[in-house]
Amino acid sequence: MNHEAPWGKWIAVGVILLGIAGAACAAGFALGVLAGPELARRLPAAEPAPEAATPRSRPSPSPSPTATPMPTPTATPTASPDGAREGPKVFAADLPDPPPVPDWAVGLAKGETADPDRPIYRIGGMLEPDRGRLRGRLILSLPYREGPPLSAICFRAWAHAPSSGGARLEVGEVWVGDQAVRPAWSGDRTAFTVTLPVPLRAGEEIAIEMPFTVTVGSRAGGYGLMQKTPDGLLVLYYGYPELARIREGRCVLDPPWENGDLHQAEAAHFALRLRLPEGTALSASGVIVQEASGPPGWREVEIVAPYVRNLVLVAGEMEEIVQERNGVRVRGFFRKAGAREAQQAVEDALDALERFGEAFGPYPFSELDLVEVPLRGGAAGVEASGLIMIGEDVFGMGDLGGMLGGSSDLDVPGFVIAHEVAHQWWYGMVGNDAYREPWLDEAMTNWSSVFWVEQARGLEAARTAWDLLVLLPYRLRLAEGDLPLNLSTDDYSMLDYAAIVYGKGAWMMEALRQEMGEERFFAFLRRYLEKHRWGWATGESWQETLAEVWGRERAEAFFRRWVAGSGITSADLPPSEFGALFEDPSLGPLLRTLLEALIEAGP
Ligand SMILES: [Zn+2]
């Protein structure tokens, strides 16, 4: 190890840390970029007091990763925030009808087919960017495949999560077949339960219909996943009632967690008919199959989006760049990025789709949207199904390698775009519980991002990416000792979540690659994808798949050491130009204080 302190390099790092922090107007951004694109969305500084209109009390999460907190929503229905309760006919009076079930193939890559035995959301709605809301009517068809009879179905209202910036979801009367049912809200209003008039048995199908209105909040906090900008851009990440996952006959209803993403949904098919103001650009998961003019001043679009875990809508004034390669279309939507940066972003996305497709298995959709969004609270990028959001601040960070005085061709936008594109495989195709086992998608995704840098930008750029964008927080953590990789999100502190899930996790994948050899490692990735496609992976099934490819003994030993264990030291990491500084007994604490101060500072 090099004990000579590379002072010049450290100063460059410091300048970048501070520069990024200043540029983003959110100090956590620096660490977010260092640790992984989504890290900084958990910063408390971005989270002012909740609005009175959306009372929430967050139950304490379980400290044990094996415990399964499933709070039962309150039995007594509570009034909606403004006391309004309207029947669907009133709600639906000026709404377009939900479209019929479409041919899903239009949203899929050639050769892919849609499993008809999935939840189907059909939504007819009015998207009103100037009012910051979507009013809609949802018809959900739910085929119940297997399990004990269900007495209730539950929905998530992530709009009410602390990270949603004070957004609201109101739901009118819920109809199960021809019977009206009052939804019963959970105490924190992030879930509601619909008690079924007759229990639903395996092999049966049910249709649930409800009017809903989702309105973005006015809080400055939040991450920008639910927001309306002063110039009229509307971002809806949690823009509809989301069917809660059902496990062993019960709804999975974890209270919103602080670290990482609120992803827990089954892959479902979506068909939407939306009315929106004429002249408004729309980016959405899936593909827009039809456009027509509506009533004066409005146009109507139909969207087909198969296999969606999170459906996102972004509407407003945006410049669009469309480019197609190998039958996949990337639609880029930009506002502030320069023409060259925008073009580069679309090309990076196409390139990542192609390289990941070859390495892991083909991209399943016919389209991917890349949308520049003014993310806040330090977020660099956010994944959704068939759509990735890239923070507008990211586009200014083109030439990181050059800023460091080196010759490596590393850039922050490419790294972030590759990360979010990789989520189409690890999160989109292979689902996992982002609360209980966040490492499954984040570790593989962050590794995939460096893999893309290595392939697209070269080995030197990849080395810099490992050193500066991935492993720095982990080295910091290792000064105090290691932690297991497979804990639930809330078992980590903010810094540890970044260090372990994004840092250790990504390097765990690289260590696996080195131990297995290229051929077997990629065979493992392909098999893992094939086995869990559109379903759910767990730590256990991850290890089981590894055992199938590599042998049980080796798989178990590797899992014990890198995933379940906490015995990794800096000697297990690659040599670092910067990491040695953090281990320096006189400098390390100072640098840790600096990073912690960066996190604490408000936007
Ligand atoms: Zn991620």
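Visitor: How many residues does helix α7 have, and what span is expected for α7 at 1.5 Å a residue?

Guide: An α-helix has 3.6 residues a turn, so residues three or four places apart point the same way. In this predicted model, where residues are numbered from 1 along each chain as its sequence is written, α7 covers residues 439-457. That makes 19 residues, reaching 26 Å from the first C-alpha to the last, close to the 27 Å expected. The expected span is 1.5 Å times one less than the number of residues. Helices here are DSSP runs of H or I with at least four residues, strands are runs of E with at least two, and both are numbered from the N terminus.

Visitor: Is α7 mostly covered or uncovered, and which residue follows α7?

Guide: Buried means under 20% relative accessible area, exposed over 50%, and partly exposed in between, with a 1.4 Å probe and protein chains only. Of the 19 residues in α7, 17 are buried, so the helix is mostly covered. After α7 comes G458, with a positive phi near 105°.

Visitor: Now to sheets. In what order do the five strands of the open mixed sheet stand?

Guide: Strands of a sheet pair through backbone hydrogen bonds, either parallel or antiparallel. Here two strands count as paired if DSSP finds at least two bridges between them. The order is β20-β21-β22-β24-β23, with mixed pairing. β20 (319-325) and β23 (381-384) each have a single partner strand, so one side of each lacks a neighbour in the sheet. β23 runs antiparallel to β24 (residues 387-391), joined by four bridges, and A384 stands opposite L387 in β24.

Visitor: Which helix packs on that sheet?

Guide: Helix α6 (residues 412-422) does, touching β22 (367-373), β23 and β24. Contact means heavy atoms within 4.5 Å. The direction of α6 makes about 155° with that of β24; axes are lines fitted to C-alpha atoms, for helices over the stretch in contact, and angles run from 0 to 180 degrees between N-to-C directions.

Visitor: Is I153 buried or exposed, and what does I153 touch?

Guide: I153 lies in strand β3 (residues 150-156) and counts as buried because its relative accessibility is 0%. Leaving out residues up to four places away in sequence, its contacts include L142, F192, V194 and C251. β3 pairs with β8 (residues 191-200) in the antiparallel sense over six bridges, and F155 has F192 as its bridge partner in β8.

Notes:
Predicted model: local features only at pLDDT ≥ 70, side-chain atom pairs only at ≥ 80, totals over all residues. Heavy atoms only, no water.
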